[in-house]
Amino acid sequence: MKLERPGSFNVTDGPFPETKELIAGYAIIQTKTKAEAVEWTKRFLTVAGDGESEIRQVYDRSDCGI
């Protein structure tokens with residue numbers, strides 16, 4: 001939001017100029033190690049092209065002793 005003059009403001013899309021420039025999604029993969037997850041992510045980014053990726057560990061009930 002940017003103040004143009006007292007009592008008015010201008011709202012712009014952000015952080016991307018056009019929402020069509022943002023592609024988001026997620027994938028869930030099961031691996032035995034973190035290193036294997038990193039390798040699969042590298043393969044994915046090779047196919048998907050430039051971008052940013054984040055790896056998060058997901059736990060299930062068996063991880064909690066339930």
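Guide: The side chains of E39 and K42 meet in a salt bridge, at 3.6 Å from N to O. A salt bridge here is a side-chain nitrogen of Lys or Arg within 4 Å of a carboxyl oxygen of Asp or Glu. The model is predicted: local features need pLDDT of at least 70 and side-chain atom pairs count only at pLDDT 80 or more, while totals for chains, interfaces and linings use all residues. Residues are numbered from 1 along each chain as its sequence is written, and side-chain values use heavy atoms, with hydrogens and water left out.

E39 and K42 are separated by about one helical turn, because they are 3 residues apart in helix α1. Helices (H or I, at least four residues) and strands (E, at least two) are DSSP runs, numbered from the N terminus. E39 has a relative accessibility of 42%, so E39 counts as partly exposed. K42, at 47% relative accessibility, also counts as partly exposed. The cut-offs are these: buried means under 20% relative accessible area, exposed means over 50%, and partly exposed lies in between, with a 1.4 Å probe and protein chains only.

W40 is found in helix α1 as well. With a relative accessible area of 43%, W40 is partly exposed. R43 lies over the face of W40, at 4.5 Å from the ring centre. For a charge to sit over a ring, NZ of Lys or CZ of Arg must be within 6 Å of the ring centre and within 35 degrees of the ring normal. Leaving aside its neighbours within four places in sequence, W40 is in contact with I29 and T31; contact means heavy atoms within 4.5 Å. Between W40 and I29 there are 11 residues in sequence and 8.6 Å in space, C-alpha to C-alpha.

T41 also has its place in helix α1. At 16% relative accessibility, T41 counts as buried.

Now the helix itself. The 15 residues of α1 should span 21 Å at 1.5 Å a residue, and this agrees with its end C-alpha atoms, which are 21 Å apart. The expected span is 1.5 Å times one less than the number of residues in the helix. After α1 comes G49, whose phi is positive, near 95 degrees.

The segment after α1 (34-48) holds V58. V58 counts as exposed, because its relative accessibility is 66%. V58 and I28 are 30 residues apart in sequence, and their C-alpha atoms are 8.8 Å apart in space.

How many salt bridges does the structure hold? There are 2. Besides the pair of E39 and K42, the side chains of R56 and E54 meet in one, at 2.4 Å from N to O. Both R56 and E54 are exposed.

As for the protein chain, its secondary structure comes to 1 helix and 0 strands. Of its 66 residues, 5% are buried. Its accessible surface comes to about 7,000 Å², and 54% of that belongs to carbon and sulfur atoms. Such areas come from the Shrake-Rupley method with a 1.4 Å probe; for residues, only the protein chains shown count as cover.
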